[in-house]
Amino acid sequence: MQPNKSTNNISEIKEFAYDCEQLTNSLAGVMSKFKLKTQLSLFDVLKSKGLALSDIFSILVLLPFFGVASVHAMVKSGIKSLDLDGAGKDVYYEAKNNEFVDWRMLLLLHAKRLRYLLSKREGLIIEGVKALVFDDTPIQKTGKKIERVGIMHDHVSGGYILGYKLLVCGFWDGGSFIPLDFSFHREKGHRNDELIKAFKKTKKALEKAELTVLRCNESVSKKKAKINDFIAEYESNPIKNNNIKLGRATDSFNKIAYKLALCTQEKAEKVREFESAKKKLKQFYKDGKLFGLTTKERKEQYKKIVTKDSCGYTRRRELDKGKISVMLEMLNRAVKNGFVPDYVLVDSWFFCYEILERLSKLKSGTIKLV
């Protein structure tokens, strides 16, 4: 997530911001209204000892409103309203890094609660056009050792930055914009189409040569078995007819054996061509083209082993998935949870057949793409 910016100029809380106790009480009232504590308590089962995760996350939610940019700054700030039994910064970092915390579900629960509260306030109900909005933006980072960070193109500046691409999904209900979903992505980097084409071509040729050799081997085995049968027949009855059959079978065997030798030689050549193309492609990425980083830089990045059934594992897999694919998953989740739009709004680069096909199947094709 991006570092929190100062909230000194946020007009909605400016009148409370000068008094920490008053601000805390006001925010506690809002959190109670949103039942945030109840939502956060779903994660308490993930921590058996020490402070409950719901208490820790409740404090983290308050940080932006106090103008605190990080957990470290919070611990050093000395603000008593944020003191949780003198918990050190490691307690908060461990909670934030827990791979089993489903941040996507938490955001969705919060969005559904907000929409429910809006529906109960007559003055806030607006019957207007509803839309799901998808957009991506670069998140710049400093430090190549950050987990799976990479170099990517920034369309705004026209240059390249170190970081991630953030894909976000929000719902416009006619009067309010509600954030629903998000995912992080990285760009694989430049492609060398000539090397990739050569690699695929040699791989296909090698597979064809291997298949030919396999078929020749099968033919040789069959011919050899037939010769053995004719030899046994000739030995038991050495007549001229059996001798001719044996000669023909031997000639046929010699031909297929010669073909097998040629095919085997051709396969060996295809293996060399394939290994050469593979080596060139591997060297291309090793020189720093994969995610814009060298092999050494990628190996030095922080790595955390996570279990396959965790939300953290899902996030890591999403990192290298196409943004269109993830966008369609977000679209399905939004509609499934009741956020049904009249329109889907995207930048022009999103436009593709896959989106049109998916929209044609959702809600009988009533959702339009803009």
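1. Helix α3 (residues 53–62) is mostly covered, with eight of its ten residues buried (buried means under 20% relative accessible area, exposed over 50%, and partly exposed in between, with a 1.4 Å probe and protein chains only). The buried residues of α3 are L53, S54, I56, F57, S58, I59, L60 and L62. Helices (H or I, at least four residues) and strands (E, at least two) are DSSP runs, numbered from the N terminus.

2. On the basis of the note: this is a predicted model, in which local features need pLDDT of at least 70 and side-chain atom pairs count only at pLDDT 80 or more, while totals for chains, interfaces and linings use all residues. Residues are numbered from 1 along each chain as its sequence is written, and side-chain values use heavy atoms, with hydrogens and water left out.

3. The secondary structure of the protein comprises twelve helices and six strands. Of its 370 residues, 33% count as buried. Among contacts (heavy atoms within 4.5 Å) with a separation of 6 or more, 67% are between residues 24 or more positions apart.

4. In soluble globular proteins, nonpolar side chains tend to be buried together.

5. Not counting residues up to four places away in sequence, V344 touches L132, F134, M327, L331, L359, I367, K368, L369 and V370.

6. Helices α11 (residues 323–336) and α12 pack at an angle of about 15°, with their axes 10 Å apart. Axes are lines fitted to C-alpha atoms, for helices over the stretch in contact, and angles run from 0 to 180 degrees between N-to-C directions. The two helices α11 and α12 are therefore roughly parallel (angles under 35 degrees count as roughly parallel, over 145 as roughly antiparallel, 65 to 115 as roughly perpendicular and the rest as oblique). On the α11 side, I324, M327, L328, L331 and N332 meet E354, I355, R358 and L359 of α12. These contact residues divide into six nonpolar, one polar and two charged (Ala, Val, Leu, Ile, Met, Phe, Trp, Tyr, Cys and Pro count as nonpolar, Asp, Glu, Lys and Arg as charged, and the others, Gly among them, as polar).

7. Which residues does E99 contact, leaving aside its neighbours within four places in sequence? They are K304, I305, V306, T307, S310, C311 and G312. E99 lies in the loop between α5 (89–96) and α6, and is buried at a relative accessible area of 15%. The C-alpha atoms of E99 and I305 are separated by 9.8 Å, although these residues are 206 apart along the chain.

8. Most residues other than glycine have a negative phi. Phi of K363, however, is positive, near 50°, and phi of S364, in the loop between α12 and β6, is positive, near 60°. K363 is partly exposed, with a relative accessible area of 45%, whereas S364 counts as exposed at 73%.
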